Amino acid sequence: MKIIQRHFLRGSQELEIIDDYVRIRSKAPFKPAEELTVMLTVLNPEPRISRSSLSFTSRVNGDALITLQLGKPDTEAFNAFVALVKRRAVEEYQAFAGLR
């Protein structure tokens, strides 16, 4: 599953769930494009919500690894993507820990 979030000033970011990781491609105005890979096993499945964003944090140190703009591109796609990340983070962690 993939979503693309665009912001007038911050640019765009494309998030795609592939196998056991999330690939994040971001492009900001006047900056080169960046690509980041985040393993689902390290994500805390309960995100933090602040003002206009939602963040999935690391199970290890609590740092934000994935940050999404609330409700973008639309509420339905956003909610479906967040629900899938939550579910896959739990599944991948259980598989890694041998709980499955």
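The side chains of Arg88 and Glu91 meet in a salt bridge, 3.9 Å from N to O; a salt bridge here is a side-chain nitrogen of Lys or Arg within 4 Å of a carboxyl oxygen of Asp or Glu. By this rule the count comes to 7 salt bridges. The model is predicted: local features need pLDDT of at least 70 and side-chain atom pairs count only at pLDDT 80 or more, while totals for chains, interfaces and linings use all residues. Residues are numbered from 1 along each chain as its sequence is written, and side-chain values use heavy atoms, with hydrogens and water left out.

**Salt bridges**

- Arg88 and Glu91 both lie in helix α1, 3 residues apart, about one turn of the helix; helices (H or I, at least four residues) and strands (E, at least two) are DSSP runs, numbered from the N terminus.
- Arg88 is buried, with a relative accessible area of 17%, whereas Glu91 is partly exposed at 26%; buried means under 20% relative accessible area, exposed over 50%, and partly exposed in between (1.4 Å probe, protein chains only).
- Salt bridges that share partners join Lys2, Glu14, Arg25 and Glu35 into one network.
- Within this network, Arg25 and Glu35 form a salt bridge with their closest N and O atoms 3.2 Å apart.
- That pair links distant parts of the chain, with Arg25 in strand β3 (residues 21-27) and Glu35 in strand β4 (residues 34-39), 10 residues apart.
- Arg25 is partly exposed, at 34% relative accessible area, and Glu35 is exposed, at 52%.
- Another salt bridge joins Arg23 to Glu16, the closest N and O atoms being 2.5 Å apart.
- Arg23 counts as buried because its relative accessible area is 17%, and Glu16 counts as buried because its value is 19%.

**Phe78**

- Phe78 is in helix α1, which covers residues 75-97.
- With 5% relative accessibility, Phe78 is buried.
- Leaving aside neighbours within four places in sequence, Phe78 is in contact (heavy atoms within 4.5 Å) with residues including Leu54, Leu68 and Leu70.
- Phe78 and Lys2 are 76 residues apart in sequence, and their C-alpha atoms are 10.0 Å apart in space.

**Phe96 and Tyr93**

- Phe96 also lies in helix α1, but Phe96 is exposed, with a relative accessible area of 64%.
- Arg59 lies over the face of Tyr93, at 3.8 Å from the ring centre; a charge sits over a ring if NZ of Lys or CZ of Arg is within 6 Å of the ring centre and within 35 degrees of the ring normal.
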